[in-house]
Structures are given as C-alpha cells and as structure tokens.
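This briefing sets out the overall build of the chains shown below, and then turns to strand pairing. Please read it alongside the sequence and the coordinates.

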Amino acid sequence: MSSFSRSAQLFSSHKQWATFARSWLLIDARMQPPGKIASVCSVRLQGKHKPIYHPLSDIGDHVVVMNTRHIAFSGNKWEQKVYSSHTGYPGSFKQLTAAQMHQKDPTAIIKLAVYGMLPKNLTRRTMMQRLQLFPDDLLPDDILRNLTEELPQPREIPRKLSEYTQEERDAFPMLWTPPEDYRMK
Amino acid sequence: MSLLGMFWNQTVCLLQHFRGRKNRCYSLAVRAVRRAFVYASKARKAKRRSMRQLWIQRVAAASREQHMKYPALIHNLLKCSVALNRRVLCDLSITEPRSFQSLTALAHARRTEGLRAALGDGAEPPGVFSRITQLQ
C-alpha cells in the first residue's frame, strides 16, 4: 500500500494538490496560558494534525497568533518564571523574569515556548519562520487575506463578577443563611 | 579469478555514493562496505519499529480530527473485537476517511457505554455495543 511511498506526492492531480496544501491558521491568545497556545501551535506547525503526516514531508501549516500581549500565566509565574541567556562572553549571563521579558518584547514568551516544543532538528527554523506573532489584534492585510481557519481557544475564559447579570447573581444558591443581626461589610 | 576483482565486481553498485577514498581504495572500501551491511541489517529491524511509530502518529492525528484520542480509539476498538491493526487503520484514515469516521463513532459509542456502566449502578444493562457474542 502507499504507506511508505511518496508516489502520492509526486502525482500532480488536483486532489493531491489540495491535500498537501499549506493553510493559514489563526489563534487568539487573549487570556490564554502561553504554554497551551504554544503546544497547539507546535502541533500545527509540524503537521501532526494531518493523517498524511511524515517528519520529512514538510506539511506543516502557517500559524498566526494575535493578542500575544494579553496572555495570562497561571499562578505566580509572571514573577517566578525566569528566562536565562548567555552569549558566551564572561559576565554576560542574563536572567529575566517573565514580566520583564514581556515588557521588553510582548511576543518573546510565546516564541520561546513554541521554539522549545518543536523537534530539535534542522526543520525547526523553517517552522519558526511559518509562525507569525502579533502583540495586538492588528494584522497586516496580506496575512488577513491568507487566513483560512480560526482555531478554538484552549482555555475557557471564566466570566468576571461584573459580567454576570443581577438575575444570575440572585439565582445563585446561598451557601449559608446569615443571622438577623449579621452586618455585611 | 582474483579476490580483488570479485570484490569490486560485487560491490561497485553499493559503494558508488560513498564519500572520499572509501569508494576507490580497497582497504578503506572493505571496511566501509562491512559497516554499510551492518547498518542495513540493523535498519531492517528498526524499519518495522519506525513504520509502526508513523502509523500510530497518523492514526492519532486522524482520530483527533474526529474529536477522539488515540489510546481511547485503540482500546475501544479492541473491546468491540475489531481486530484492525495500525497499518490498516492508517491506510483507512488516508484513503477511506468516511470508514475511519464510522470506526471512531463505534469506538466513541463503546466508550460512552463503558463509562455509563462504570459510573452507573449496574441496574440497567450496559448497551448494544458492549454485548459479547458467542461464536457457534
């Protein structure tokens, strides 16, 4: 069977051309954990979401990430997560917290995360070139024209208290009934 | 009938693409050809492993397209006594997508039945897909 022959790619019929096309995918990173965004991106950049996957076939898609400025780390990672770098020269060991890194360059966190999740071989650089990161939702026209699909966000954003209607707030069950002389702050 | 002649006659097609003097000089070529044969023997065993790995990756990708994970698919197909191996599943997912979709639907149904039976009381019978048939 055609499990391990590249004959399907060599035949130039229109159906094969559509199967092996590289599509442009959009993902919104607003209020999303950057690691989850990065894992979704890396899967799509490698082409591991396609049943015709092969590590040598170069069938990854383009991924455009917008709103990278508004990513949301969980826990205290903004202060505790440290990005280290060393240029090789003595005295050039730099350690930046995630907050400082994000201040310097709003796309760097997701870029480093995706870079670390891709396979460590020569195809990694080409895959990184196919990843486009934008700090806000302002995308250039040529990329907007190429986009085909929007990927669902990995994390469901919880609603703020102000976004609940008064009826929903009243309908929420009381956990305990306060006594008559209880003073609410 | 020199041994040297015999060597070059038999191996020239193999070592044409070798780098440097390994494709011209006898002593170096002998060692390079022996290594090449050893690598080929090891690779024949490794090919089966890498083929299976590729099939699993492809079936996992196709099942994720159908909102199902690979371990769940394989386990539930096994429970339904569908004895399709990974090679066939991979080929179906590429060339027969609708058949693969129906297989994932079957596995999903068996999975929900199993979960219902495990989480429920055991009062109601499990379901149609969990029925084990006896061969006559």
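A contact here means that heavy atoms lie within 4.5 Å. On that basis, among the contacts in chain B between residues at least 6 apart in sequence, 39% join residues at least 24 apart. The model is predicted, and the points below are grouped by topic.

**Secondary structure**
- Chain A contains nine helices and six strands.
- Chain B has five helices and zero strands, and its elements, read from the N terminus on, follow the order α-α-α-α-α.

**Dimensions and burial**
- The radius of gyration of chain A is 23 Å, whereas a compact globule of 185 residues would have one near 16 Å; its C-alpha atoms fill a box of roughly 80 × 55 × 35 Å along the principal axes.
- Buried residues amount to 32% of the 185 residues in chain A and to 29% of the 136 residues in chain B.
- In chain A, 66% of the contacts with a separation of 6 or more are accounted for by residues 24 or more positions apart.

**Surface and charge**
- Chain A exposes about 13,000 Å², with 56% of this area supplied by carbon and sulfur atoms, while chain B has an accessible surface of about 10,100 Å², of which 57% belongs to carbon and sulfur atoms.
- Chain A carries 25 positive and 18 negative side chains, the centres of the two sets lying 13 Å apart.
- Chain B carries 25 positive and 6 negative side chains, and here the centres of the two sets lie 27 Å apart.

**The open sheet of chain A**
- Four strands of chain A form an open sheet in the order 5-2-1-6, with parallel pairing.
- Strand 5 (131-133) and strand 6 (149-150) of chain A stand at the edges with a single partner strand each, so one side of each is left without a neighbour in the sheet.
- Strand 2 (residues 62-66) of chain A pairs with strand 5 of chain A in the parallel sense over three bridges, and Val64(A) stands opposite Gln132(A) in strand 5.

**The hairpin of chain A**
- Strand 3 (residues 82-86) and strand 4 (residues 93-97) of chain A pair in the antiparallel sense over five bridges, with Tyr83(A) standing opposite Leu96(A) in strand 4.
- Six residues lie between the strands of this hairpin, in which Gly88(A) takes a positive phi near 105°.

Technical notes. Residues are numbered from 1 along each chain as its sequence is written. Chains are lettered from A and ligands numbered from 1 in the order in which they are written. This is a predicted model: local features need pLDDT of at least 70, side-chain atom pairs count only at pLDDT 80 or more; totals for chains, interfaces and linings use all residues. Side-chain values use heavy atoms; hydrogens and water are left out. Helices (H or I, at least four residues) and strands (E, at least two) are DSSP runs, numbered from the N terminus. The radius of gyration is taken over C-alpha atoms; the globule rule is 2.2 Å times the number of residues to the power 0.38. Buried means under 20% relative accessible area, exposed over 50%, partly exposed in between (1.4 Å probe, protein chains only). Accessible areas come from the Shrake-Rupley method with a 1.4 Å probe; for residues, only the protein chains shown count as cover. Lys and Arg count as positive and Asp and Glu as negative; His and the chain ends are not counted. The place of a charge is taken as NZ of Lys, CZ of Arg, CG of Asp or CD of Glu. Two strands pair if DSSP finds at least two bridges between them.
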